[in-house]
Amino acid sequence: MSLDLEIMHQRQAKLEAMRAAGLEPYPHRFEFSQSLTQLLAEHGNDTTEQLEASRPKVRVCGRLIALRTHGKAGFAHLLQDGARLQVYTRQDGVDADTFALWKSLDLGDLVGVDGYLFRTRTGELTVHAEKIEFLAKDLRPLPEKWHGLQDVELRYRQRYLDLLVNPDVRQVFIKRARMVECLREQFQARGYIEVETPMMQPLAGGAAARPFTTHHEALDLPLYLRIAPELYLKRLVVGGLDRVFEINRNFRNEGISTQHNPEFTMLEFYEAYSDYHVLMAWSEQLLAQTARRVAGSTAIEFRGTNIDFGHCQRLSLRAAILKFWPAGAGAAPSPDAIHDPAQEAAILQSCGMVYDRAAGEGAGLVALFEHLAEPHLVQPTIIYDFPRSVSPLAKSKADEPAWVERFEIYAGGMEIANGYSELNDPDEQRRRFEQQLALGKAGNAEAHAVDEDYIRALQYGMPPTAGEGIGIDRLCMLLTGSSSIRDVILFPLLRPQQELDQEAEA
RNA sequence: GGGACGGUAGCUCAAUGGUAGAGCAUUGCCCUUUUAAGGCAAGGGUUCUGGGUUCGAGUCCCAGCCGUCUCACCA
């Protein structure tokens, strides 16, 4: 028998013994006088003398994370919601039942303690137990108390243990919650309302990605998990909700990496009567303010480098290609050349990249940009003006119709946001969809599908509008210094493990 | 999908091709202000799985499974 099972059987036996003695091992609730966090705030600075004079009565609870028994007395540490408090129990300070219970407690058990506060000889604030109540059993041994849980796979699979024994992990997810809160507040302050749009869609639109498919039985309807909420949010703008945002999951059936999880959280927002210039400026403020509130400063550290969200440098996509032109590729193209579609193939070839006519005009330059520049974009950078062919939902530049008013924000070498002036001309939108259709037929698996209802919505008139999506997980990585997206997603997708079923059978 | 690295006790980690170990945790005993409590003793292993090489494999080889990083794709 494995030790794991042996311990479980021992603890199971204690549980049965409690029941036999008429004690309920899983009582319904425990009313504490204050949480440990509150208690530490109230009494954390009380002196030995103050406590001795007042002997504050407390009723607290939590999980036992350390046990040091000394024969007829002993110490324990209680952990509740991230806060720790020491408990002191002595035989002549409690009734016989409580002392018997104390002797039978295991590391990891959940208990409630009535007693009074004092400071030990070494000065630690401690509750002197007068009564202990059993609240729930830990049947399985906890990970090692000193090193915590290190095994990365186990940390993701059993996140509850990771959270329990690795305080840093807890902090990451608390920061994530604060970050989302902070973003919501800023949108609300700007007059936005939060909405929820379908995650199951008959057409997966709004982005270029492979979707997950599913099926609704009663309607006999094939459905896609959404790859973006974009087309629904813009329908709302048509409907007169001028400022809307949504924070929710997108699903993309693509690779998994330190920057990609199949389901990820996107903040997406649209404001009417606005354009991409407005959003670039507002995004810069949004990021700076969020960094200040979550990380305490606009300057954060990520993968060993300092990143300052106090300012975003701005570069057009084509300027970025020139700026990061590789030394081995000969002379960089002139600004005129990179604006000349006839020279795109030659420019790509000089960098050793293949020109694909089917991808559409300018698509090669985007690939070139990602190849040359993206890894260098560590400091927050706004890249603006993208080719129309890769942006079927964005509005063209007035003076250059083959390019659109679109920007992306990069930081830490990752794309964290993407926004544009929305295309609101239904006829032009139909032509763009048809171009996508042609690209799809030419073999581009990620070409955008034609959404007739969306065109119909645009036909009712959508005001000039700007919209943007911000990758919440990646922003969270940056603000918490996490180098993998899995460290900011509570339950990242893993291949399921089979041992559990085998264990259950045993 | 490619490449690199890894999988040993519940956890954290050791172990020249030669008897699988330590710390924490567990069990028993001692211990009424300890805190990585301490002392004495004990138990705990299909070394990821399956093949192969060898007198002998945790260690070397092959295949598979799982994971991490990385490249590709992508946000």
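**Close-up views of a predicted protein–RNA model**

**The pairing of β8 with β9.** Strands β8 and β9 are paired in the antiparallel sense through 4 bridges, where pairing requires that DSSP finds at least two bridges between two strands, and where helices (H or I, at least four residues) and strands (E, at least two) are DSSP runs numbered from the N terminus. Opposite Thr213 stands Tyr224 in β9, and Tyr224 is also the bridge partner of Gln201. The model is predicted, so that local features need pLDDT of at least 70 and side-chain atom pairs count only at pLDDT 80 or more, whereas totals for chains, interfaces and linings use all residues. Residues are numbered from 1 along each chain as its sequence is written, chains are lettered from A and ligands numbered from 1 in the order in which they are written, and side-chain values use heavy atoms, with hydrogens and water left out.

**The open sheet β7-β9-β8.** In this antiparallel sheet of 3 strands, the order is β7-β9-β8. Because β7 (200-201) and β8 (213-216) stand at the edges with a single partner strand each, one side of each is left without a neighbour in the sheet. The antiparallel pair formed by β7 and β9 (residues 221-225) is joined by 2 bridges.

Most residues other than glycine have a negative phi. With a relative accessible area of 56%, Asp220 is exposed, the classes being buried under 20%, exposed over 50% and partly exposed in between (1.4 Å probe, protein chains only). Arg55, in the loop between α3 (48-54) and β1, likewise has a positive phi, near 40°, and at 40% relative accessibility it counts as partly exposed.

**The buried side of helix α2.** Leu36, Leu39 and His43 are the buried residues of α2 (residues 36-43). They lie on the same side of α2, because they cover an arc of only 55° around the axis, an arc taken from the directions from the helix axis to the C-beta atoms. The elements that cover these residues include β1 (57-69), β2 (73-80), β3 (83-90), β4 (110-119) and β5 (125-136), with contact meaning heavy atoms within 4.5 Å.

**The protein surface around RNA strand B.** Among the 55 residues around RNA strand B, those that come nearest are Thr122, Lys145, Trp146, His260 and Arg486, a residue being near if one of its heavy atoms lies within 4 Å. The surface comprises 17 nonpolar, 17 polar and 21 charged residues, and at least two residues of it come from each of α1 (3-20), β1, β2, β3 and α5 (152-157). Sugar or phosphate accounts for 55% of the atoms of RNA strand B within 4 Å of the protein, and bases for the rest.

**Polar contacts to RNA strand B.** A polar side-chain atom of Thr120 is placed 2.8 Å from a base oxygen of RNA strand B, whereas Asn261 brings a backbone N or O atom to 2.6 Å from a base nitrogen.

Terms used:
A polar contact is a pair of N or O atoms within 3.5 Å; within protein, one must be able to donate a hydrogen and the other to accept it, and residues adjacent in sequence count only if both atoms are side-chain atoms. Ala, Val, Leu, Ile, Met, Phe, Trp, Tyr, Cys and Pro count as nonpolar, Asp, Glu, Lys and Arg as charged, and the others, Gly among them, as polar.
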